[in-house]
Amino acid sequence: MTVSSPAAAIAGLLVWIGTPFLAALTAVGRVTIFAFRTIVRALTPPYYPARLLDQLAHIGWFSLPVVGLTAIFTGAALAQQIFVAGSRFSAQSTVPAVVVIGMVRELGPVLVGLMVAGRVSSAMAAEIGTMRVTEQLDALVTLRTDAFRYLIAPRLFASLIALPIMVLVANAIGIFGGYLISVHKLGFNAANYLGVTRRYLNSDDFAMALVKAGVFGFFMALMGCYHGYHTQGGAAGVGNATRNAVVSAFVLILIANLVITVMAFG
Amino acid sequence: MASPAPKIVLDGVTKSFGPISVLDGVNLSIDPGESLAIIGQSGSGKSVTLKCILGLIQPDAGSIRVDGEEIIGQRGKELERLRAKFGMLFQGSALFDSLPIWRNVTFALTQGHHRDAARMRMIAEENLERVGLDAKILDLRPSELSGGMQKRVALARAIAPRPEIIFFDEPTTGLDPIRADVINDLIVSLVEDLGVTALTITHDMASARKIAHRVAMLYQGKIIWRGPRDRLYDSGNPYVDQFVQGRADGPIS
Ligand SMILES: Nc1ncnc2c1ncn2[C@@H]1O[C@H](COP(=O)(O)OP(=O)(O)OP(=O)(O)O)[C@@H](O)[C@H]1O
Ligand SMILES: [Mg+2]
């Protein structure tokens, strides 16, 4: 296609930039309304505490093995890297401090966020999406039950509660992984290592880790439920919803992580 | 004959999905305690009509009144109150596959809460019996049942809360002739004995003639014919004639 005049070229450029921008803005608006609706409905009865506990078990308990595994290996690898890098300017002694700070502030929340989002967002989108395409969501409504209270609020709040707990666990296991490799392979003195570790354990850092975890948990469940709820068209639609849920959860988690970090230290 | 105030009135209801117009001014009125059957080609918008009445799909224009109250545009508590009058059998059953049969059947009674297990199992058993299923399946999951059994469980689930109005979307499709007749009898008894208002979508002319007082035909987004069930085979309408006789040639292509 040839562009005839500069005005047409500028108009074309505006459309080219504007269309996806407007689409993104609309999507943000829709998600925000969806989140607000969930919270407002969750605050009025009927409440579903049993569904919340169910979801806590699903999200938290069954994700623990994979979270623990990730944390211990990453903690150990981090210690090894710092040791090698630090030995170039004889700063190996920073290993325990860097492991603690790195784990608690960044790696713990981000790793757990991404690992669990992969599981949780996809599972929620697939389950709710299947309910949409098989008309189970419509059936719910005709059976006097609100999908936001019964399905979505328990998932959102369970995720919000479970993630901080899992990040605490991951931090502890990650620091332990660093300790194991430092003491058994890199030749650190155990008591010494623990002493430094304790000195760098900072309650502000933990507070930030927990805030991050809560935000990540909220976003991953929100993306799973939102895309599942708005699924259109058969098995392919469920596939799309699942993929979109995971991708958007990852993006939101990474952006939120940077924003919170910059706000805390910027 | 002075007729009572109608239970449900549809007035000029239109609905398009994108460029495709599905409903194009549907007018329909159902009296309290009446049983109406809707017939029409596959894809003509019968299920969409039911979903509009239930507020599951928002029509583009028109009015839908239930007991004189407008349902279009209602939200929140008001919509919930109006919806509580209805029971709905979905065409695809739409059973909750994560719950056992008895929880499915009693779902509306507990609104999804897991309480009163003993009493709910009894209620589930009673309702399953009415659709010709026995208590052996109470603890099974929907995926462990045949399609026809799922349909009957869905029917039990729709009638369990004793709604005033029940919509049946193809209640006998996929059932053997004997089971189909059990369902026909059930619908007749709900209407005759309990005074339920029934709206049934069906492709089964024998069933329509048995369960319905009146039949309406949906074609190209409009109700093109309505009349008492006895007139179904001599309606004088070429579209209805072709449809009920199942001929390939005629005005409907
Ligand atoms: N959610 C939807 N989005 C887009 N199009 C839809 C939707 N629901 C229904 N339609 C379209 O509306 C038309 C009518 O669908 P509907 O399910 O009401 O048909 P029906 O008369 O019940 O047919 P059948 O006898 O096969 O069940 C179809 O062309 C269908 O593609
Ligand atoms: Mg249909």
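The legends below describe close-up views of a predicted model.

Residues are numbered from 1 along each chain as its sequence is written, and chains are lettered from A and ligands numbered from 1 in the order in which they are written. Because the model is predicted, local features need pLDDT of at least 70 and side-chain atom pairs count only at pLDDT 80 or more, while totals for chains, interfaces and linings use all residues; side-chain values use heavy atoms, with hydrogens and water left out.

**View 1. Overall make-up of chain A.** The secondary structure of chain A comes to nine helices and zero strands, where helices (H or I, at least four residues) and strands (E, at least two) are DSSP runs numbered from the N terminus. The C-alpha trace of chain A spans about 65 × 60 × 30 Å along its principal axes. Of its 266 residues, 44% count as buried, a term that means under 20% relative accessible area, with exposed over 50% and partly exposed in between (1.4 Å probe, protein chains only). Among contacts (heavy atoms within 4.5 Å) in chain A between residues at least 6 apart in sequence, 86% join residues at least 24 apart.

**View 2. Helix H6 of chain A and its kink.** At 1.5 Å a residue, the 38 residues of H6(A), residues 147-184, should span 56 Å, and the end C-alpha atoms are 53 Å apart, which agrees; the expected span is 1.5 Å times one less than the number of residues. A kink of about 35° lies at A:Ala153, shortly before the proline A:Pro154, the bend being the angle between axes fitted to the seven residues ending there and the seven starting there. Because 27 of the 38 residues of H6(A) are buried, this helix is largely enclosed by the rest of the structure.

View 3. A:Asp205 is placed in helix H8(A), residues 203-229, and is buried at a relative accessible area of 6%. Not counting residues up to four places away in sequence, A:Asp205 touches A:Val104, A:Arg105 and A:Phe265. Elsewhere in chain A, a cis peptide bond with omega of about 0° joins A:Pro45 and A:Pro46, and A:Pro46 lies in the loop between helix H1 (6-42) and helix H2 (49-59).

**View 4. Strand E1 of chain B and its partners.** Strands E1(B), residues 8-17, and E2(B), residues 20-30, pair in the antiparallel sense over eight bridges, pairing being assigned if DSSP finds at least two bridges between two strands. B:Ile8 has B:Ile30 in E2(B) as its bridge partner, and in the hairpin, which has two residues between the strands, B:Gly18 takes a positive phi near 60°. Five bridges also join E1(B) to the antiparallel strand E4(B), residues 61-66, where B:Val9 stands opposite B:Arg65.

View 5. The magnesium ion (ligand 2) is coordinated by B:Ser47 (OG) and B:Gln91 (OE1) at 2.0 to 2.2 Å; donors are N, O and S atoms within 2.8 Å of the metal (3.2 Å for Na, K and Ca), and sites may look incomplete because water is not among the atoms. B:Ser47 lies in helix H1(B), residues 46-53, and B:Gln91 in the loop between E6 (86-89) and H3 (101-105) of chain B, so the pair ties together parts that are 44 residues apart in sequence. B:Gln91 is partly exposed, at 37% relative accessible area. B:Ser93, in the loop between E6 and H3 of chain B, has a positive phi near 70° and counts as buried at 6% relative accessibility.
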